[in-house]
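I set out to record what I looked up in this structure. The entries are kept in the order in which I worked.

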Amino acid sequence: MAGMSTHASHPEIIKRLKRAQGHLKSIVTMLEEERPCLDIAQQLLAVERAIVNAKKALVHDHIDHCLEHAVRDGKRNASDTVSEFKAITKYL
């Protein structure tokens with residue numbers, strides 16, 4: 001929902017993504033240095049997991065923060081909220 005204040009989880013999500021960004025940069029260096037594929041694959045998996053966990057945290061926070069509060073505060077009707085819930089859960 002546009003205009004909502006920053007969620008409490010956003011700083012942690014940013015931290016996770018910056019860590020993944022650093023790992024990704026390291027992977028590029030590993031490839032350039034022709035490091036073993038097994039080492040590179042392991043690092044790629046770590047980046048993938050970090051991104052997936054950041055995405056899950058964002059989606060769950062959106063459900064808890066935006067959707068739940070919007071319905072509770074009477075800012076949105078249930079039908080619109082259910083539609084948005086369905087839309088956001090496809091990213092899990």
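**Entry 1: the model.** I noted at the outset that this is a predicted model.

**Entry 2: the nonpolar core.** I looked up which residues form the largest nonpolar core. I found 5 residues in it: Ala-20, Ile-27, Met-30, Ile-40 and Val-47. I then asked which helices contribute to this core. Helix H1, residues 10–32, and helix H2, residues 37–72, each provide at least two of its residues. The largest share, 3 residues, belongs to H1. I recorded as background that nonpolar side chains in soluble globular proteins tend to be buried together.

**Entry 3: Ala-20.** I listed the contacts of Ala-20, setting aside neighbours within four places in sequence. They are Val-47, Ala-50 and Ile-51. Val-47 is itself a member of the core.

**Entry 4: Asp-61.** I turned to Asp-61, which is located in helix H2. Beyond neighbours within four places in sequence, Asp-61 contacts His-7, Ser-9, His-10 and Cys-66.

**Entry 5: H2 against H3.** I looked up how H2 packs on helix H3, residues 78–89. The angle is about 175° and the axes are 11 Å apart. H2 is therefore roughly antiparallel to H3. On the H2 side I noted Val-59, His-62, Ile-63, Leu-67 and Val-71; they meet Thr-81, Glu-84, Phe-85, Ile-88 and Thr-89 of H3.

Notes:
Residues are numbered from 1 along each chain as its sequence is written. This is a predicted model: local features need pLDDT of at least 70, side-chain atom pairs count only at pLDDT 80 or more; totals for chains, interfaces and linings use all residues. Side-chain values use heavy atoms; hydrogens and water are left out. A nonpolar core is a set of buried Ala, Val, Leu, Ile, Met, Phe, Trp, Tyr and Cys residues joined through side-chain atoms within 4.5 Å. Buried means under 20% relative accessible area, exposed over 50%, partly exposed in between (1.4 Å probe, protein chains only). Helices (H or I, at least four residues) and strands (E, at least two) are DSSP runs, numbered from the N terminus. Contact means heavy atoms within 4.5 Å. Axes are lines fitted to C-alpha atoms, for helices over the stretch in contact, and angles run from 0 to 180 degrees between N-to-C directions. Angles under 35 degrees count as roughly parallel, over 145 as roughly antiparallel, 65 to 115 as roughly perpendicular and the rest as oblique.
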